[in-house]
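User: Could you take a close look at one part of this model for me? I'd like the local picture and how it ties into the rest.

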Amino acid sequence: MDTLVKQGYTAFSYGGVNDWAVDMVQLCKGAVVYVLADNDEPGWRVANIIQSDLQGIAKSARVIVPVPDIPKADISDYFAAGHSKEEFESLLQQDKAVTEKRVGGKTHLTYHSFIL
């Protein structure tokens, strides 16, 4: 979260993957929300739960895995790798339906969708 605030974004964190509480969605009422998932199974799982919980509350919600090529990476790793704010803005605007990734012989799908 500090990484995003330093870049000029409004952001909050819910803690770890087991800390999400559905009442937190009220913080996002009417907002355009980007859920930035850590690149691992628990991160994908909770991001998709959050996106589902935001339906009917947020104006839109989208799940993004900022660093899909590095296991367990998160938004801090994205900027630490040298990506710029402009590149991040471009990432936010990409319109992909589903990203499929094979990890350890298993296929993981990360959904990128808007709630209309």
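Let's begin with Glu41: what is its relative accessible area, and does that make it buried or exposed, or something in between?

Analyst: Glu41 is partly exposed, at 37% relative accessible area (buried is under 20%, exposed over 50%, partly exposed in between, with a 1.4 Å probe and protein chains only). Before going on, a quick word on ground rules: this is a predicted model, where local features need pLDDT of at least 70 and side-chain atom pairs count only at pLDDT 80 or more, while totals for chains, interfaces and linings use all residues. Residues are numbered from 1 along each chain as its sequence is written, and side-chain values use heavy atoms, leaving out hydrogens and water.

Glu41 has a partner: it forms a salt bridge with Arg45, with the closest N and O atoms 3.1 Å apart (the cut-off is a side-chain nitrogen of Lys or Arg within 4 Å of a carboxyl oxygen of Asp or Glu). Arg45 is partly exposed too, at 40%. Both sit in helix 2, four residues apart, or about one turn of the helix. Helices here are DSSP runs of H or I with at least four residues, strands are E runs of at least two, and both are numbered from the N terminus. In general, side chains of opposite charge can pair when their charged atoms come close.

The largest nonpolar core has 16 residues, and Trp20, Val33, Val35, Ala37, Ile50 and Leu54 touch the most other members (a core is a set of buried Ala, Val, Leu, Ile, Met, Phe, Trp, Tyr and Cys joined through side-chain atoms within 4.5 Å). Strand 1 (32-36), helix 2 (41-53) and strand 2 (60-64) each give two or more residues to this core, and helix 2 gives the most, with four.

Ala37 shows the links well: leaving aside residues up to four places away in sequence, its contacts (heavy atoms within 4.5 Å) include Gly43, Trp44 and Ala47, along with Val63, Ile64 and Ala73. A second, separate core of eleven residues includes Val67, Ala73, Phe88 and Leu92.

Zooming out, the chain has four helices and four strands, in the order α-β-α-β-α-α-β-β. Buried residues make up 34% of its 116. Among contacts with a separation of 6 or more, 66% join residues 24 or more positions apart.
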